[in-house]
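Colleague: I would like to learn how to read contacts and cores in a model. Please take me through this one.

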Amino acid sequence: MNPDKIDTSREAAGAEAPQGGTAPATAGSPGGEQPASPPAPAKRQVELRGLSAYYGDHQAVKHVGLYFAATDVTAIIGPSGCGKSTMVRCVNRMHEEIPGARAEGEVLLDGGDLYGPDVDVVAVRRAVGMVFQKPNPFPTMSIFDNVASGLRFTGTARGEVDDRVRKALSEAGLWEEVKDRLGKPGLGLSGGQQQRLCIARALAVDPEVLLMDEPCSALDPVATLRIEELIGELKQRVTIVIVTHNMQQAARVADTTAFMLGGELVEVAPTDKVFTNPDDERTEQYVTGKFG
Amino acid sequence: METRVQYQEELEQLEASALGGLDLVSAALSRTLEAIEHQDVELAQIVVADDDRIDGRYLEVHQALITLLATQSPVATDLRLISALLHVLKNVERMGDQCVNICKLIPLSGNEPPSDEEMVKLILAMGAQTKTLISQAKRAFADRDVELARDLVRQDDVVDDLNRDCFRLALEIGDDADRREWAMTMLLAARAIERIGDNSVDIGEQVSFVVTGLFQEFEDASHPSA
Amino acid sequence: MESASLPSPLPPVSARRRRADRLARSLLWTATGVAIVPLVLIVFYILSKGLGALSLEFFTTDPTGNFFGDQGGVKSAILGTIEIVGFAALVAVPLGVAVALYLTEYGGNGRLARSVRFFVDVMTGVPSIVFGLFIYLTLVLGGFGGSSFAGWKGSAALALLMLPIVTRSAEVVLQLVPNSLREAALALGAPRWKVTARVVLPSAASGIVTGSLLAIARAAGETAPLLFTATIVKATTFDLNEPMNSLPAQIFQDLKQPNDELVQRAWGAAVTLVAMILIVTLIAKLIQRRSRVQGAP
């Protein structure tokens with residue numbers, strides 16, 4: 001799964017992200033650099049360096065520097081149009097699929113740049129999975145085939161597929177509910193189940209990172225809470241980055257929260273700090289609902 | 001368009017209500033001091049009865065704050081403010097209770113005029129200084145003035161010194177069997193006033209919490225100020 | 001509507017509005033009638049004129065070319081239509097779907113894609129006789145392939161006719177496949193061609209099949225191109241390189257004859273042709289309905 005040739009044998013000790021306890025840990029300048037440099041390149045750690053993204057001439061993401069620690073859940077919050085979805089889509093290089101769109105800067109996974117000259121885009125997307133806002137199981141495929149689709153795209157041996165599908169469905173908390181109807185169409189499930197199916201599908205290919213773009217906005221509150229529970233369980237296995245409009249969700253689910261505004265990274269800090277005592281006035285204004 | 005205007009206004013109102021409780025306390029303290037000075041039992045009873053108003057204020061604002069927590073998901077400064085106001089309310093209620101404690105002592109000291117002018121003077125001085133503390137605490141909170149809040153410690157030291165003076169005086173008077181009981185009750189009263197002073201300092205600490213997000217004890221029995 | 005207890009607080013529908021409503025409804029009904037009545041009449045007319053010609057002999061013998069006596073049936077015409085149209089479909093459908101795939105998945109809004117779309121649109125409007133003439137001039141006159149008139153040249157003309165229709169309908173169906181599916185497949189690490197082959201095409205499959213069948217139905221009824229390319233013969237032949245009979249050509253020829261029985265045979269052929277096209281169309285509809293029932297969006 002690792003598209004890069006960088007030595008990944010060094011693990012960050014304790015995988016703790018030193019992004020500041022109670023001491024100010026801000027990114028007040030438009031550069032948005034986290035003051036504490038990240039731990040040495042480690043497994044499943046993603047670092048953005050000077051990332052900028054454009055739609056034609058319009059710059060949607062402005063020189064962002066940020067890292068996502070391995071066993072953490074990082075939430076990206078901000079008002080509509082602040083560039084958070086765009087930024088996240090640069091991590092798995094989906095942004096460039098849009099005609100006229102391009103990205104500059106570096107995105108490092110395990111220390112290797114995903115935008116490097118010889119990097120295979122397809123391999124990047126196998127290492128960095130994505131779950132979308134609206135559940136999108138493939139309509140012509142059964143539940144089993146949906147989860148297996150990622151494996152089949154990458155040419156996995158048939159014998160392995162069964163086991164990995166089962167494992168993925170268990171990890172997504174869906175196995176018990178669908179084990180007796182794996183052959184039924186994926187669309188026959190409820191919204192929350194469909195989204196968990198999509199999560200299973202993404203997990204089946206064994207990614208290192210899971211990007212979630214507002215995964216619960218189309219779901220009812222109970223389904224939302226189940227998925228949040230799931231995120232808590234999954235974070236030991238994959239680095240999770242979640243874009244969300246819902247600040248309470250970010251507060252519940254994330255270890256680290258990053259606030260973006262107008263394409264810039266305004267502040268990134270442990271979640272409890274962002275929601276009890278943020279450093280930047282703009283963050284304060286946003287989380288208390290004074291604008292946005 | 002401004003968002004959450006109603007919520008902001010409600011929060012401001014609740015803050016005003018909570019701080020208004022300090023006005024009630026100040027008035028109660030004034031009357032208590034007067035009752036001590038003139039041995040006015042009736043006035044003391046009025047203070048005791050009026051404490052219901054302070055308790056009522058506490059319950060009303062407390063409930064409203066809890067509701068706000070449940071319905072508005074306050075975060076950051078708003079959250080710290082609500083937490084601080086809950087503390088302030090508790091202190092207000094305690095202050096009121098201290099006044100009641102003092103007033104309950106007054107009939108016990110008999111219907112005779114006070115036995116020692118100096119003691120009474122000390123108590124009244126403590127009371128006046130404490131009233132200053134209360135209004136300073138209120139101003140510091142309303143203005144979010146951390147420096148003014150810290151100054152409360154110094155002001156409170158005055159009250160503490162006066163309290164010690166009362167104690168010494170009581171020891172002297174204590175030799176006199178006739179006046180001993182009176183001196184003890186006056187000491188209790190002094191103690192209650194000193195507690196009110198400490199409550200004001202606590203309010204000052206809340207100011208610091210709201211503004212900086214960090215909770216620090218200005219001065220405590222275990223951490224005497226520098 | 002009678003109100004049982006309380007009077008409605010809202011004002012009732014005004015008389016003027018009621019009149020306007022009735023007027024509009026009757027106008028629409030009239031328009032529908034005007035449109036449908038001729039269609040019904042046509043069906044009725046064809047059936048009344050042609051049903052009489054249908055018999056076992058009609059379906060199993062070739063036309064004999066006799067003016068008097070045994071004129072034979074239209075077997076060669078039926079088989080010829082199936083062969084010519086079948087071969088045309090074999091060429092036009094894959095080609096049309098391929099063009100549609102290019103336009104939706106890879107071309108986007110680039111200049112080439114826009115030109116292709118434009119030309120395809122133009123082609124849908126070209127009269128079928130022009131296609132016939134084109135093939136006539138290029139392939140038939142020159143004796144291309146060692147023959148003048150030939151079945152496959154008829155197929156070529158029909159294929160040219162079908163191509164834009166297949167392309168357009170396939171493109172519409174492909175565009176209806178939600179982009180979120182393509183995104184999901186891409187995000188899983190599928191190369192673009194797999195996204196197209198394993199996700200987009202299966203989702204659009206029933207729509208593409210329906211569109212193709214409708215194009216086939218349309219081509220089966222075309223007369224002019226066949227007259228210039230496959231012309232008309234009597235005997236059944238399975239050699240596409242030879243001139244071949246077809247129902248439209250047979251109808252065309254028989255109808256001109258002053259012999260009543262031949263004319264009736266023409267009507268019978270017309271009924272047969274209409275029935276064949278109807279069957280193909282019904283199959284297309286069935287496929288469409290089945291795919292909807294299965295829960296595909």
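Modeller: Start with contacts: two residues are in contact if their C-beta atoms, placed from the backbone, lie within 7 Å. Leaving out residues up to four places away in sequence, Ala200(A) touches Val147(A), Ala168(A), Leu169(A), Glu171(A), Ala172(A) and Leu174(A). This is a predicted model: local features need pLDDT of at least 70, side-chain atom pairs count only at pLDDT 80 or more, and totals for chains, interfaces and linings use all residues. Residues are numbered from 1 along each chain as its sequence is written, while chains are lettered from A and ligands numbered from 1 in the order in which they are written.

Colleague: Which residues touch the most other members of the largest nonpolar core?

Modeller: In soluble globular proteins, nonpolar side chains tend to be buried together. A nonpolar core is a set of buried Ala, Val, Leu, Ile, Met, Phe, Trp, Tyr and Cys residues joined through C-beta atoms within 7 Å. Buried means 20 or more other C-beta atoms within 10 Å of the residue's own. Here the largest core has 158 residues, and Ala200(A), Ile242(A) and Met162(C) touch the most other members. Helix H6 of chain C (residues 151–176) gives the largest share, 14 residues. Another core lies apart from it, with 58 residues, including Tyr58(B) and Val201(B).

Colleague: How many helices and strands does chain C have?

Modeller: Helices are DSSP runs of H or I, at least four residues; strands are runs of E, at least two. Chain C has eleven helices and zero strands.

Colleague: What share of chain C is buried?

Modeller: Buried residues make up 38% of its 297 residues. The C-alpha atoms of chain C fill a box of roughly 85 × 60 × 35 Å along the principal axes.

Methods
A residue is buried if 20 or more other C-beta atoms lie within 10 Å of its own, exposed if 12 or fewer, and partly exposed in between; C-beta atoms are placed from the backbone.
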